[in-house]
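Subject: Structure handover

Hello,

Here is the structure I promised to pass on. Please open it alongside these notes.

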Amino acid sequence: MVRLTTFLRNHVAVKTMARVVDICSNELHQLVAMATESLLSGKVIAVPTDTIYGITALVQNSEAVDRMYNIKNRDYSKPLAISVAEIKDIYRWGKVTVSSELLSELLPGAVTVVFERTEDLNPDLNPGTSLVGIRIPDHKFVREISRSCQGPIALTSANVSSTQSTLNIQEFKNLWPQLDIVFDGGELGDTFHSRAGSTVVDLSVQGTYKIIREGSAIKSTLAALRSHHLQDRENR
């Protein structure tokens, strides 16, 4: 019996179900402390955002980032976005080409801005591209996690790649055994548009923009870009 127990412990990966934490039933500082402890220990957690549910890990922890790809069964050629707490944080991780006024119009919000990455960013994150997508979700809990961790968090949708994005935690229950904590923020929407995710815009070339994904904030994003006289690289 002892030999069998030792064999199982050494050779069988036992999956434990993630802890599910109701955001509405806990104080913000308690939630942030819980998420921070998990992320700093290299774990992956699920969080609600201002668009859809996402999974997140520390950007600067290569093993945790790798774990995110495995959880989603995601192609390593597809880059992950990062999330930060404040607009000033963007300048550390991306080579900003636009005014702070434009950034303030776009963020916080359902927009991912893409710039050339800086050398401070973990080289193991998206090694196949010189660009990085940066988010500041309009969701205080997510922003406070990044602030508490004192660095960016990698953020991607809580679903297996090429499947529908998720608006409640039951929709990605198949991922729970691979997550440390699932933070339940309730239903985030009930329409197809709700699942569109963030609008992704490439601002890496000064004076221009390129829409990579229309997402849920395309109208307001285009209005802001045009009001600052940026030209569409696709229609120049």
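Start with helix α6. It is mostly covered, with 7 of its 10 residues buried. Buried means under 20% relative accessible area, exposed means over 50%, and partly exposed is in between (1.4 Å probe, protein chains only). Helices (H or I, at least four residues) and strands (E, at least two) are DSSP runs, numbered from the N terminus.

Before the rest, the ground rules. This is a predicted model, in which local features need pLDDT of at least 70 and side-chain atom pairs count only at pLDDT 80 or more, while totals for chains, interfaces and linings use all residues. Residues are numbered from 1 along each chain as its sequence is written, and side-chain values use heavy atoms, with hydrogens and water left out.

Confidence next. pLDDT is the predictor's confidence in each residue, from 0 to 100. The protein chain has a mean pLDDT of 92, and 93% of its residues reach 70 or more. Residues 1–14 stay under 50. For that stretch the model has 1 contact beyond four places in sequence. Contact means heavy atoms within 4.5 Å.

**Helix α6 and its cover**

The buried residues of α6 are Phe141, Val142, Arg143, Glu144, Ile145, Ser146 and Cys149. What covers them? The cover includes α2, β2 (45–48), β3 (53–58), β4 (81–83), β8 (153–157) and β9. Gln150 follows α6 and has a positive phi, near 60°.

**α2 against α6**

Two packed helices are described by the angle between their axes and the distance between the axes. Helix α2 (residues 28–40) and helix α6 (residues 140–149) pack at about 50°, with axes 9 Å apart. Axes are lines fitted to C-alpha atoms, for helices over the stretch in contact, and angles run from 0 to 180 degrees between N-to-C directions. α2 and α6 are therefore oblique to each other. On this scale, angles under 35 degrees are roughly parallel, over 145 roughly antiparallel, 65 to 115 roughly perpendicular, and the rest oblique.

α2 passes α6 in a right-handed crossing. A crossing is right-handed if the near helix is turned clockwise from the far one by less than a right angle, and left-handed if anticlockwise. On the α2 side, the contact is made by Leu28, Leu31, Val32, Ala35, Thr36 and Leu39. On the α6 side, Lys140, Phe141, Glu144, Ile145, Ser148 and Cys149 make the contact. The residues of this contact divide into 8 nonpolar, 2 polar and 2 charged. Here Ala, Val, Leu, Ile, Met, Phe, Trp, Tyr, Cys and Pro count as nonpolar, Asp, Glu, Lys and Arg as charged, and the others, Gly among them, as polar.

Ser38 is also in helix α2. Its relative accessibility is 3%, so Ser38 counts as buried. Leaving out residues up to four places away in sequence, Ser38 touches Lys43, Ile45, Asp180 and Ile181.

**Ala154 in β8**

Ala154 sits in strand β8. At 0% relative accessibility, Ala154 is buried. Beyond four places in sequence, Ala154 touches Ile55, Thr56, Ala57, Val59, Met68, Leu80, Ala81 and Ile82. Ala154 and Ala64 are 90 residues apart in sequence, yet 9.3 Å apart in space, C-alpha to C-alpha.

**Two threonines**

Thr221 lies in helix α7 (residues 218–227). Thr221 is buried, because its relative accessible area is 1%. Thr221 touches Leu106, Val111, Thr199 and Val201, not counting residues up to four places away in sequence.

Thr191 is in the loop between β9 (181–184) and β10 (199–202). Thr191 has 38% relative accessibility, so it counts as partly exposed. Thr191 and Leu167 are 24 residues apart in sequence and 9.4 Å apart in space, C-alpha to C-alpha.

**Backbone points to check**

Most residues other than glycine have a negative phi, and most peptide bonds are trans. Some places here depart from that.

- A cis peptide bond joins Leu107 and Pro108, with omega about -5°. Pro108 is in the loop between α5 (100–106) and β6 (111–117).
- Asn126 is not a glycine, but has a positive phi of about 50°. Asn126 is in the loop between β6 and β7 (131–135), and is buried at 4% relative accessibility.
- Ser162 has a positive phi near 75°. Ser162 is in the loop between β8 and β9, and is exposed at 73% relative accessibility.

Best wishes
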